[in-house]
Amino acid sequence: MQVSKIMSRDIHLVNPDDTIVQVAKMMAENDIGFLPVGENDRLVGTITDRDIVVRYVAGDRNGDARVRDVMTADVKYCFEDEDIDDVTRNMGDIQVRRLPVVNRDKRLTGVVSLADTAHQNPSVAGSCLKDITAPGGPTSQTG
């Protein structure tokens with residue numbers, strides 16, 4: 001089954017120049033912890049509630065900090081026509097719980113989460129979660 005069948009299409013996109021306070025409020029209002037960051041019609045990063053805590057709050061940033069100051073600029077994504085199990089395994093390999101989804105023109109079309117994939121194939125998602133929760137890795141914020 002393709003990612004497009006399970007992804008969330010209700011996308012909230014933020015700008016790198018938005019303030020951290022604005023983004024935190026948007027996350028709280030919409031009960032989300034992950035947002036793609038777009039600039040000039042391009043996906044330039046992602047920001048999570050964890051990024052805000054680890055890089056902004058714990059990093060003693062001032063109140064004027066912008067998304068670009070704490071976002072993850074190394075954009076990982078998947079294509080909407082990819083197989084769910086392949087994407088889930090990749091999420092485990094790169095240790096992420098959510099991925100922006102793009103079409104073949106690299107236009108943002110949705111977001112897929114590990115929870116979305118678990119409904120389709122719990123055993124693959126469980127294996128992925130084991131990989132994601134392993135200490136360290138490419139997305140570790142302690143290194």
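**Salt bridges and secondary structure**

The structure holds seven salt bridges, a salt bridge being a side-chain nitrogen of Lys or Arg within 4 Å of a carboxyl oxygen of Asp or Glu. This is a predicted model, in which local features need pLDDT of at least 70 and side-chain atom pairs count only at pLDDT 80 or more, while totals for chains, interfaces and linings use all residues. Residues are numbered from 1 along each chain as its sequence is written, and side-chain values use heavy atoms, with hydrogens and water left out.

Let me begin with Arg107 and Asp41, whose side chains meet in a salt bridge at 2.8 Å, N to O. This pair links distant parts of the chain, 66 residues apart: Arg107 lies in the loop between strand S4 (98-102) and strand S5 (108-113), and Asp41 in the loop between S1 and S2. Helices (H or I, at least four residues) and strands (E, at least two) are DSSP runs, numbered from the N terminus. Arg107 is partly exposed at 39% relative accessibility, whereas Asp41 is exposed at 59%. Here buried means under 20% relative accessible area, exposed over 50%, and partly exposed in between, with a 1.4 Å probe and protein chains only.

Asp81 forms a salt bridge with Arg104, with the closest N and O atoms 2.9 Å apart. That pair also links distant parts of the chain, Asp81 being in the loop between strand S3 (78-79) and H4, and Arg104 in the loop between S4 and S5, 23 residues apart. Asp81 is partly exposed at 34%; Arg104 is exposed at 54%. Salt bridges with shared partners also join Asp17, Glu39 and Arg68 into one network.

How far apart in helix H2 are Asp51 and Arg55? They are four residues apart in H2 (residues 49-57), and therefore separated by about one helical turn. Asp51 is buried at 2%, while Arg55 is partly exposed at 26%.

I turn now to the strands. Five of the six residues of S1 (residues 34-39) are buried. S1 runs antiparallel to S2 (residues 42-48), and six bridges join them; two strands pair if DSSP finds at least two bridges between them. Glu39 stands opposite Arg42 in S2. The two strands form a hairpin with two residues between them, and Asn40 in the turn has a positive phi of about 50°.

Finally, in helix H4 (residues 84-94), the buried residues include Ile84, Val87 and Met91. Just after H4, Gln95 takes a positive phi of about 55°.
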